[in-house]
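The following briefing goes through one protein model, from its overall make-up to single residues. Please view the sequence and the coordinates alongside the text.

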Amino acid sequence: MPPPPPRAALRRLIPTTGLHPLRRRAPPSPPVDESPLPDPYALLVHDPIDLLSSLWRRAFAHPLPAPFPNLSGYASRLDLWLLSYQRACAHATGSFPPRQAVPLPTLHSLLRLRAAALRRHPAFPWGASTHLLLRSPADTPSTVPVARHKLAARLANAPPPFQDHVVQELLLLLLEPVFEPRFSPKSHAFRPGRGPHTAIRSIRSGFAAYLWFITADLTTVVDALSPDTILSCVEKSVSDRKVLSLLKSALNAPVRPGSVPPRDQDLDGLTKKRLKRKVLRKSRKKKVLNEDEPKPDPYWLRLFFGFAPEQACHVPDYGHCGILSPLLANVCLNELDWWMEERINEYFRPSRHDSIWKEAGDEGCHNPSWPEFVLSSGKEKTRKMDFLRFGSHVLIGVRGPREDAVEIRRQLMEFCERTFGLRPENSSVEIEHITRGIEFLDHVITRRVIYPTLRYTASGGNIVSEKGIGTLLSVTASLQRCIRHFRKLELVKGDRDPEPLPCSPMLYSGQAHTNSQMNKFLETMADWYKYADNRKKIVGFCAYVIRSSLAKLYAARYRLKSRAKVYKIASRDLSRPLRESTNNDAPEYSDLLRMGVVDFIEGVQFARMSSIPSCDYTTFPRNWVPHHELVLHEYIKLQDPKFFCGLHKTIKRQEISSPQDDVSRMVWHYKVHGVYDNNRTSKKVNEWRSNDEAVSGDTQLLLDE
């Protein structure tokens, strides 16, 4: 039998009439740079912290109206790419890998990722499921065959790839220092050095004497921002084309529906019960973590995250920007901040008959150590306005008639429609009077009328005391919000008279571990309500709920039937050990603790009201800036030769020697003479002796007289 003809001969026999055999076209793969990669170890020559410090210094020293140029020079540094990889690994695996522990293949992958990100044509493949340039260290390769329809379903619901997180970290490291000096000091969310505490302190120190408050929820406006609007706001401060094209591709690239986590939805009672049973079944099973799997957050931290205010829970998300989205939202809302600053300056109308704000808006006549108190005397009132923004939530205080508040509300809604292309709903922008109480960041802003005794020195040196009347700004924690959070976490039931429930997630933990977890939670809650007037009351309520919940848990675990028996054995703070058996042959707890067999049991904190710290009334400066910005401004001043020379001349003119000059003189004298220079020390000692002799002589003269 003759051998079969070769394949090439069969191809020549096929007629060329335009009919070709059907072939499946493979999906086009992204172009791969086949040029040899440079040595990555030769490129890792700089410290990434030094590079970022220089970027922060340049950004704060750069004039604000002009856009910041040449970010590509920083984006091409492999040191910053390696730092971004380390930060992404910390989020993915829970551990920050050392710089020396990153293997060579990963460095080569970072070089390919850098080339693909900085290449403008074609754009970077955001959300790619195949042909990945960099993989997470937690991703293990799989060789198990998968059916085609299952593979398609997995790719459709696959989470964002690890390489996207690395690029997002790099963009955040580059863009955050550029926009920080351009942001308004009135915004407090998603910024380093600022947070809910700074917002509450700003309200306490700067919102006294305001009668009308406008609360605006711009969440729908922020979520619906178009990519063109975001890019137009970014281009005002960044002129680097490579960074802008990378950001544009991240905003415009299509997002798979399965990769976006679903929002929390309101469920009916039956669905909630089914989900609760499912979660309980999963929680009872012991889960063994993989080698590279991150450990879950401790229970006390998850408990505290459940108390996040409504204004801080929502985080914007734009396209494939990820962790960059909150910064982009602040960039867009910064236009609103500076527009409000202009409205504040236009609205200010001073009155000489008013007791505060007679001439300047920021300079008040009231006591800075008690900024919440405002006198109620005076025929006319100064018209003034101030505002504060936390994320997409705006708080505006107006000192004037309600008609002015209505006009400001109308202008605010028109500005949002004109700038962002979307008008807020009427129900999301409300006007409320101070007497009704304004809820913001789970704190209630209201006022109290007080009658203090005013003492002053009249003509002739007489001290006059008279009764005065004034209002005191009160910032208290919302007890109803606290009860609502506890009910959501299933630690209490009921609203008006809440009844604590047993802390079931800690059922299989020891008494020492459970008490220590709850102590950390109570310490964090006491710090969260640090600037609330009713700090003792709200923290005492939290301690009561936690202590009662643990008592019910221990009663069920040790079969003691009631909380009273638990308190009788373990004391009020649950610090004494509870045993499962009542046999007397068990060793004493003190002996076991001495041998190191058992852990020390901490008592639950804040069991008594006297142990709860009071509210922190520390004054908050009106022109407050974070510490890192103060350091940057001082460093930039010292880098200026004119400022440094003027400072040096001032020191010489006032005959003040700097510590550097003293050290240099001491070292030079020791090198020349071989001994330390004691002349200046002896002169100082002689001056002190002469002063002591003069004082003793005056004392003796007085005694003789």
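The protein chain holds 26 helices and 12 strands, where helices (H or I, at least four residues) and strands (E, at least two) are DSSP runs numbered from the N terminus. This is a predicted model, in which local features need pLDDT of at least 70 and side-chain atom pairs count only at pLDDT 80 or more, while totals for chains, interfaces and linings use all residues. Residues are numbered from 1 along each chain as its sequence is written, and side-chain values use heavy atoms, with hydrogens and water left out.

**Overall make-up**
- Of the 705 residues in the protein chain, 40% count as buried, a class defined by under 20% relative accessible area, with exposed meaning over 50% and partly exposed in between (1.4 Å probe, protein chains only).
- Among contacts with a separation of 6 or more, 73% are made by residues 24 or more positions apart, a contact being heavy atoms within 4.5 Å.
- The accessible surface of the protein chain is about 42,700 Å², and 55% of it belongs to carbon and sulfur atoms; the areas come from the Shrake-Rupley method with a 1.4 Å probe, and for residues only the protein chains shown count as cover.

**The second largest pocket**
- The second largest pocket contains about 790 Å³ of space; on a 1 Å grid over the protein atoms alone, a pocket is an open set of points where a 1.4 Å probe fits, with protein on both sides within 12 Å along at least five of seven lines, and lining residues have an atom within 4 Å of a point.
- Its volume is the space filled by probe spheres set on the points, which are joined across faces, edges and corners.
- The lining of this pocket has 35 residues, of which Pro185, Lys186, Glu341, Arg622 and Asn623 are the closest to the centre.
- At least two lining residues come from each of α9 (196–206), α16 (325–347), β3 (384–390) and α23 (627–639), and β3 gives the most, with five residues.
- By type, the lining divides into 16 nonpolar, nine polar and 10 charged residues, with Ala, Val, Leu, Ile, Met, Phe, Trp, Tyr, Cys and Pro counted as nonpolar, Asp, Glu, Lys and Arg as charged, and the others, Gly among them, as polar.

**Helix α12**
- Helix α12 (residues 241–252) has 12 residues and should span 16 Å at 1.5 Å a residue, which agrees with the 16 Å between its end C-alpha atoms; the expected span is 1.5 Å times one less than the number of residues.
- The buried residues of α12 are Val243, Leu244, Leu246, Leu247, Ser249, Ala250 and Leu251, and their cover includes α6 (104–118), α8 (162–179), α11 (227–234) and α16.

**Arg455 in strand β8**
- Arg455, which is found in strand β8 (residues 453–457), is exposed, with a relative accessible area of 62%.
- Leaving aside neighbours within four places in sequence, Arg455 is in contact with Val464 and Ser465, while its C-alpha atom is separated by 8.8 Å from that of Lys467, 12 residues apart along the chain.

**Backbone features in loops**
- A cis peptide bond with omega of about -5° joins His121 and Pro122, and Pro122 is found in the loop between α6 and α7 (148–156).
- Asp442 is not a glycine but has a positive phi of about 60°; Asp442 lies in the loop between β6 (438–440) and β7 (443–450) and is buried, with a relative accessible area of 4%.
- Ser571, also not a glycine, has a positive phi of about 75°; Ser571 lies in the loop between α21 (563–570) and α22 (589–595) and is buried at a relative accessible area of 15%.
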